[in-house]
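Subject: Structure handover

Hello,

Here is the structure I promised to pass on. Please have a look, then read my notes below.

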Amino acid sequence: MVSLRALLVGGALVAMANPSWAQASGATETEFLVSVTDADGVAKIQASNVVPLIPDRACYEWRVRLGQGDKLVSVTEVLTLPAEPKQWGGIDGNEYSLSKLSDDRKVSETTMFYKPQDGWVSHGWCVAEGDPTGPYSIKVLVGDRLLHQFDFTVENTPALTP
């Protein structure tokens, strides 16, 4: 029979060999929010899987609540677009960017460190001139562990509906 001490030592070794196992116990809640700012500077925010193609006014944000509390965690975001955008704001021409682009420039991979607020981690993007329409996805990972995949579309639609 395996002793409790052997189990604890074994668990510690697994955690050291696989930090993602130790960092997060998984997502307990997720949200995908879309905001559109009107001409008066007022932002309307709602949960949606459709982002209007309104450059500099429409933004989207994913949120994941971790079951591990408020301990520092390394999160990787993989944003996949249906086609190459005209530019990657904050990435193109920025040698200090945390993001890496795929050779076809349709995928951005960004690793960020978070101290969750009430267990939540999040990141967002805003629509830019030259962004493609169509299906997008964002994968949120801790280590090699996929916490959640957000699938949404960017469309030529008017602002958010009530």
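Start with Leu101, which stands opposite Ser108 in strand 7. Leu101 itself lies in strand 6 (residues 99-101). Helices (H or I, at least four residues) and strands (E, at least two) are DSSP runs, numbered from the N terminus.

A word on the source. This is a predicted model: local features need pLDDT of at least 70, side-chain atom pairs count only at pLDDT 80 or more, and totals for chains, interfaces and linings use all residues. Residues are numbered from 1 along each chain as its sequence is written, and side-chain values use heavy atoms, without hydrogens and water.

Strand 6 runs antiparallel to strand 7 (residues 107-114), joined by 3 bridges. Two strands pair if DSSP finds at least two bridges between them.

Both belong to an open sheet of 6 strands, ordered 3-10-9-5-7-6, with mixed pairing.

Beyond its neighbours within four places in sequence, Leu101 contacts Trp88, Ile91, Asp92, Val107 and Ser108 (contact: heavy atoms within 4.5 Å). Val78 is 23 residues from Leu101 in sequence, and 9.8 Å away C-alpha to C-alpha.

There is also an open sheet of 4 strands, in the order 2-1-4-8, with antiparallel pairing. Its edges are strand 2 (43-47) and strand 8 (120-126). Strand 4 (residues 58-66) pairs with strand 8 over 7 bridges. There, Cys59 stands opposite Cys126.

Best wishes
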